[in-house]
Amino acid sequence: MSDVGNQSCLSTAENYTSFLVCVLHAWEEWAGLGKAEDYLSVMEYLLWVFTPLAVVFILPFLIVILLYLSILFLHVYKRKNQLKEAYCNNLWDGARKTLATLWDGHGAIWHGYEIHGMEKIPDEGAALIVYYHGAIPIDYYYFLANVILQKGRTCHSVADHFVFKIPGLKPLLEVFSVMHGPQEECVRALRSGHLLGISPGGVREALFSDETYPLIWGTRRGFAQVAIDARVPIIPMFTQNVREGFRSLGTLKFFRWLYERFRLPAAPVYGGFPVKFRTYLGDPIPYDPSINAVELADKVQQALQSLIEQHQRIPGNVLRALLERFHTKHRDE
């Protein structure tokens, strides 16, 4: 409405009500509120488009937050039990079991987590668990929690060097016996009767594997030599739909170049989808003094590949994995 129109409206107003209506229209035009509805419509559309994208990239950070909350709990627990530390050799057992309960609850609620073949994990004595590495190995966290709660044991783990450079993570790594993986240290842990978990694919498999679930081990055979030197069985492990829970943009050329050039695992991870997770433990591969590390590594790779082919539909599909939350039927049935 123009200024002339506003003046005409005001001059021709017949009563108080029409005068107020005329003033309101004039104020809306002066304040530019006539276009506000258009702006709000655009904002509403943008919110509708970008909210799903924001959610799938934010959820991985929630896992990081949960990790740091775990660290905070450890600090609180340690302060609470300072006076008992001199009298108790297992100061952290209560902390481990509490955190294991939290992670087990998260897995049960968010992913309907199941583990099949837990009886293959020995109640005592050493074994090497070799697993497929998802974009975020949250399934392995759930497995560790179940070993603590069901077996009363702490499974030692091998992690990449960059994990030990993350600020504030040291207490959690120490309490859950995470090591950076020299063969001598791994052999020592196994000879001491501990369980040990390792993913030969490591960060490379986490970043560059995809929904077709290829094993990216290259020429890594060190884990096999560790098992031979420690004379322990190897148990293969795979979690169904782990790539549908979280995915990586590592298949993009830029992020691959960044990792190959600087060893920087900077590929964004997205997801956090509440898909069905089922962890399957294969039959133990016993120690055999007649085979070498290359032959043993190939044997383990074939066993793990067999678990993938038996329990995972290729290629993986997020929607199908979500629907599996409502089915109790296993892939191999």
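Mentor: Start with N241, which sits in the loop between β6 (234-240) and α10 (242-245). Keep in mind that this is a predicted model.

Trainee: Why is N241 called buried?

Mentor: The relative accessible area of N241 is 3%. Buried means under 20%, so N241 counts as buried.

Trainee: What makes the phi of N241 worth a remark?

Mentor: N241 is not a glycine, yet its phi is positive, about 70°. Most residues other than glycine have a negative phi.

Trainee: Where is R263, and why is R263 called partly exposed?

Mentor: R263 is in the loop between α11 (253-262) and β8 (269-271). Its relative accessibility is 47%. Partly exposed lies between under 20% for buried and over 50% for exposed, so R263 is partly exposed. R263 also has a positive phi, near 55°, and is not a glycine.

Trainee: How do you know that the peptide bond from I314 to P315 is cis?

Mentor: Its omega is near -5°, and the bond is listed as cis. Most peptide bonds are trans. P315 belongs to the loop between α12 (293-311) and α13 (318-323).

Trainee: Turning to α5, what span does this helix have, and what is expected?

Mentor: Helix α5 covers residues 138-151, 14 residues in number. From first C-alpha to last it reaches 19 Å, close to the 20 Å expected at 1.5 Å a residue. After α5 comes G152, with a positive phi near 65°.

Trainee: Why is α5 said to be largely enclosed by the rest of the structure?

Mentor: Eleven of its 14 residues are buried, so the helix is largely enclosed. Among them are Y140, F143, L144 and V147.

Trainee: Which residues make the contact, and of which classes?

Mentor: On α4 they include R96, W103 and H111; on α5 they include I138, Y142 and L149. By class there are eight nonpolar, five polar and three charged residues.

Trainee: How many helices and strands does the protein chain have, and what share of its residues is buried?

Mentor: The chain has 13 helices and nine strands. Buried residues make up 42% of its 333 residues.

Conventions:
Residues numbered from 1 in each chain as written. Predicted model: local features only at pLDDT ≥ 70, side-chain atom pairs only at ≥ 80, totals over all residues. Heavy atoms only, no water. Helix = DSSP H or I, 4+ residues; strand = E, 2+ residues; numbered from the N terminus. Expected span 1.5 Å × (residues − 1). Buried < 20%, exposed > 50% of the residue type's maximum accessible area, 1.4 Å probe, protein only. Contact = heavy atoms within 4.5 Å. Nonpolar A, V, L, I, M, F, W, Y, C, P; charged D, E, K, R; others polar.
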